[in-house]
Amino acid sequence: MKASIVTLFAILISTFAMAQEQYLSPKDVPGIVKSTFLIKFPDAINPKWEKENDNYEVTFTNDKEVQSAILDSSGNLIQTEVKITKDQLPHSILPYVKVNYRRKKIREVAKITDVNGKVFFEVEIYKKD
């Protein structure tokens, strides 16, 4: 009985640990990627790195805003993302969300800018973007 309780406890702890976001150690991020990040965002505070497919995503604070950037393994900036409020969305987006996602709560909103300057908006609704 005691062994099964210990085993169950160990499984629960390992499951909880795997569910947590896994940030990379800065030493696991290629130097060219970190260099590009520091050049593009010299005032960034508290960067946290993640591997996203073959790219690197860094989340940080800049000018009191939570931001993120995605860079490829060669250090090229792919896109940036800034968290915004739903009131900052273009006026055409909110009615679309209200019609197509009735009774769903907006959890998070972001403005995404790609390397060419094209702007997209991401609305997270119940674990979906």
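Reader: How many residues line the largest pocket, and which of them lie nearest its centre?

Author: This is a predicted model, in which local features need pLDDT of at least 70, side-chain atom pairs count only at pLDDT 80 or more, and totals for chains, interfaces and linings use all residues. Residues are numbered from 1 along each chain as its sequence is written, and side-chain values use heavy atoms, with hydrogens and water left out. On a 1 Å grid over the protein atoms alone, a pocket is an open set of points where a 1.4 Å probe fits, with protein on both sides within 12 Å along at least five of seven lines; lining residues have an atom within 4 Å of a point. Here 21 residues line the largest pocket, and E57, T59, S68, E81 and K83 lie nearest its centre. Strands 1 to 6 each give two or more residues to this lining; strands are DSSP runs (E, at least two residues), numbered from the N terminus.

Reader: What is the volume of the largest pocket?

Author: A volume is the space filled by probe spheres set on the grid points, which are joined across faces, edges and corners. For the largest pocket the value is about 350 Å³.

Reader: In what order do the six strands form the sheet?

Author: Strands of a sheet pair through backbone hydrogen bonds, either parallel or antiparallel. Two strands count as paired if DSSP finds at least two bridges between them. In this model the six strands form an open sheet in the order 1-2-3-4-5-6, with antiparallel pairing. Strand 1 and strand 6 are the edge strands, each pairing on one side only.

Reader: How many bridges join strand 2 to strand 3?

Author: Seven bridges join these antiparallel strands, strand 2 and strand 3; within this pairing, V58 has A69 in strand 3 as its bridge partner. Strand 1 and strand 2 pair over six bridges, also in the antiparallel sense. E52 stands opposite N55 in strand 2, and the hairpin of strand 1 and strand 2 has two residues between the strands, with N53 taking a positive phi near 55°.

Reader: Which side chains meet K83 in a salt bridge?

Author: A salt bridge is a side-chain nitrogen of Lys or Arg within 4 Å of a carboxyl oxygen of Asp or Glu. The whole structure holds two salt bridges. In one of them, the side chain of K83 meets that of E108 (2.7 Å, N to O). K83 lies in strand 4 and E108 in strand 5, so this pair ties together parts that are 25 residues apart in sequence.

Notes:
Helices (H or I, at least four residues) and strands (E, at least two) are DSSP runs, numbered from the N terminus.
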